[in-house]
Amino acid sequence: MSRQTTRAVDPRKVSGELFTLTYGSLVAQLLKDYENDDEVNKQLDKMGYNIGVRLIEDFLARSNVGRCQDFRETADVIAKVGFKMYLGLTPVVANWSPAGDEFSLLIENNPLIDFVELPEGHSHLNFSNILCGALRGALEMVQMDVAVWFVQDQLKGDNLTELRLRFIKRLEDAVPAGED
């Protein structure tokens, strides 16, 4: 007679690992489909942008966060609420520019890169570029035009992952032509 053991499994951890593995498969397929790292980076950014455009509605409904007054408040909400809610981590907001229009998100343990090694010959691949697109898309939906890019990447030997965000301009609500 065999003894059955019951382990308490955290469903968030299991789904997080499944997401990480699925994302890795997606990136691997993109590497097969496109000729170079720059094109894969563009595709990941585009996918992330589309996710961010849709994710912002869920975020606003679930978080009860009101309109941010400035870019500093936006940075805190992104780090302390958004990343925590969707990736289970809280990046450090750092390296503010003197003008207050640019900052970095420092991520010590990027969950997207668990179980990942960059394939040889793909040193220009930004494996987690989907994050840049998601941030850009979500912020655009709340009338903020931003640029987002990688400064450091743990997959490329850096101690942490650093994303840099620069505020470009506030977007005005546009009424479609003929509907004014």
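**Aromatic cluster, nonpolar cores and strand pairing**

The charged end of Arg72 sits over the ring of Trp96, 4.2 Å from its centre (criterion: NZ of Lys or CZ of Arg within 6 Å of the ring centre and within 35 degrees of the ring normal). The model is predicted, so local features need pLDDT of at least 70 and side-chain atom pairs count only at pLDDT 80 or more, whereas totals for chains, interfaces and linings use all residues. Residues are numbered from 1 along each chain as its sequence is written, and side-chain values use heavy atoms, leaving out hydrogens and water.

Trp96 also takes part in ring pairing. Rings of Phe, Tyr and Trp (its six-membered ring) pair if their centres lie within 6.5 Å; planes under 30 degrees apart are stacked, over 60 edge-to-face, and the rest tilted. In one of them, Trp96 and Phe103 are tilted, with 4.9 Å between centres and 35° between planes. Phe71, Trp96, Phe103 and Phe167 are linked into a cluster by ring pairs. Trp96 is partly exposed, at 23% relative accessible area, whereas Phe103 is buried, at 0% (buried, under 20%; exposed, over 50%; partly exposed, in between; 1.4 Å probe, protein chains only).

A nonpolar core is a set of buried Ala, Val, Leu, Ile, Met, Phe, Trp, Tyr and Cys residues joined through side-chain atoms within 4.5 Å. The largest has 32 residues. Ile78, Phe83 and Leu105 are among those with the most contacts inside it. Elements that each supply at least two residues of this core include helix H3 (71-87), strand E2 (102-107) and strand E4 (161-170) (DSSP runs numbered from the N terminus; helices, H or I, at least four residues; strands, E, at least two). A second, separate core of five residues includes Phe59, Cys68, Val77 and Ala138. Beyond four places in sequence, Ile78 touches Phe83, Phe103, Leu105, Leu135, Leu139 and Leu165 (contact, heavy atoms within 4.5 Å).

Strand E2 is largely enclosed by the rest of the structure, because six of its six residues are buried. Glu102, Ser104 and Leu106 point one way from E2, and Phe103, Leu105 and Ile107 the other. Strands pair if DSSP finds at least two bridges between them. E1 (residues 92-94) runs antiparallel to E2, joined by three bridges. There, Val92 stands opposite Leu106. E2 and E4 also pair in the antiparallel sense, over six bridges. Ile107 has Thr161 in E4 as its bridge partner.

Asp145 lies in strand E3. Asp145 and Ile168 are 23 residues apart in sequence and 5.4 Å apart in space, C-alpha to C-alpha.
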